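Please keep the model open while reading the points below.

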Amino acid sequence: MMGWQLKGGLSYRPTSRTSVFANVGLISKAPIFDAVIDDRSATVAADPQNENFTAFEFGGIYLDPENALQVSANMYYTLFSDRTLNFGVINQDGSEGFVFIQGLAQKHLGFEMEASYKPFYFLQFDLTTSVGNWEYTDNVTGTYKDYSSGAEVNEEYEYYVKGLKVGNAPQMQFRLGTSVFPIEGLKIQVDYRFYGQHYAGWDPTTRTDATDTEQVWQAPDYMLFDLHASYKMGVGSKYFLEVFAHVFNMF
């Protein structure tokens, strides 16, 4: 077994203030050791498969002639296929078991943008947004290895995960920052942050019922406001002193 990577990118500047780019990556990763040799029985897997990752990205950057506005945006598509998942379990009777899944696949599709606008020397606006759709693409077959009898007994299970969202991170994020510079060296910033489509972290091995197709729990959308301040002043001719203050979730 051997892993390999193939990566490439192109960029083009149609004007001195704009540029566009595209990147592609193909990665074949050798499977983890547990996917090759069973720790308990020391048997070697008949046909271990590499984990494969395919990624595409394209976007652009714009800077206006007055240097007041800068915008960068990109779209991405990443497919994680043939992923291996395995872990040991302790059953209710105290016996040991082992879950082995090969071929788990996720699709990550999304859009990201960052923008900064400074209409006056004492005022600046910053915008960041990210919208994604991350989900499992197919159902997958796994093996439960039962050692309770002293010998290994294998049971096959189908895990019904197709179309379910990948959890543990918000798939929609939005930030708007407003900064003022009232005097030289002083910066005061208010940040508004919004989070949505945040699905709970969950275990794919719990979905063994073909009728259990309900989406995982989604946390309510929420927003936060933060306040930041900093002051930077010279100390002598060679040194600077900078002081920070923060108020998180001030409402």
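1. Start with valine 235. Its relative accessibility is 40%, so valine 235 counts as partly exposed. The cut-offs are 20% and 50%, with partly exposed in between. Valine 235 sits in strand β12. Bear in mind that this is a predicted model.

2. Which strands each supply at least two residues of the patch? They are β12 (222-235) and β13 (239-247).

3. Now the charged pairs. The whole structure holds 5 salt bridges. In one of them, glutamate 135 meets lysine 107, with the closest N and O atoms 3.7 Å apart. Glutamate 135 belongs to strand β6 (residues 123-136) and lysine 107 to strand β5 (residues 96-120), so the pair ties together parts 28 residues apart in sequence. Is glutamate 135 buried or exposed? Glutamate 135 counts as buried, because its relative accessibility is 16%. Lysine 107, at 22%, counts as partly exposed.

4. Next, look at arginine 175 and aspartate 191. They form a salt bridge, and their closest N and O atoms are 3.2 Å apart. Arginine 175 is in strand β9 (residues 170-180) and aspartate 191 in strand β10 (residues 186-199). The two residues are 16 apart, and the pair links distant parts of the chain. Arginine 175 is partly exposed at 22% relative accessibility. Aspartate 191 has 7%, so it counts as buried.

5. A further salt bridge joins the side chains of arginine 193 and aspartate 226, at 2.4 Å from N to O. Why does this pair tie together parts that are 33 residues apart in sequence? Because arginine 193 lies in strand β10 and aspartate 226 in strand β12. Aspartate 226 is buried, with a relative accessible area of 3%.

6. Turn to the rings. The whole structure contains 8 aromatic pairs. Phenylalanine 120 and phenylalanine 122 make a stacked pair, because their planes are at 5 degrees and their ring centres 5.5 Å apart. Both partners are partly exposed: phenylalanine 120 at 48% relative accessibility, phenylalanine 122 at 37%.

7. Tyrosine 136 and tryptophan 202 pair edge-to-face. Their centres are 5.3 Å apart, with 75 degrees between the planes. Tyrosine 136 lies in strand β6 and tryptophan 202 in the loop between β10 and β11 (218-219), so this pair ties together parts 66 residues apart in sequence. Tyrosine 136 is buried, at 7% relative accessible area.

8. Other ring contacts deserve a look. Phe174, Tyr192, Phe225 and Phe251 make up one aromatic cluster. Where does the charged end of lysine 118 sit? It sits over the ring of phenylalanine 181, 4.7 Å from the centre of that ring. Arginine 207 lies over the face of tryptophan 202, at 5.6 Å from the ring centre. Tryptophan 202 thus takes part in the pair with tyrosine 136 and also has arginine 207 over its face.

How values were computed: Residues numbered from 1 in each chain as written. Predicted model: local features only at pLDDT ≥ 70, side-chain atom pairs only at ≥ 80, totals over all residues. Heavy atoms only, no water. Helix = DSSP H or I, 4+ residues; strand = E, 2+ residues; numbered from the N terminus. Buried < 20%, exposed > 50% of the residue type's maximum accessible area, 1.4 Å probe, protein only. Salt bridge = Lys/Arg side-chain N within 4 Å of Asp/Glu carboxyl O. Phe/Tyr/Trp six-rings, centres within 6.5 Å; stacked < 30°, edge-to-face > 60°. Lys NZ or Arg CZ within 6 Å of the ring centre and 35° of its normal.
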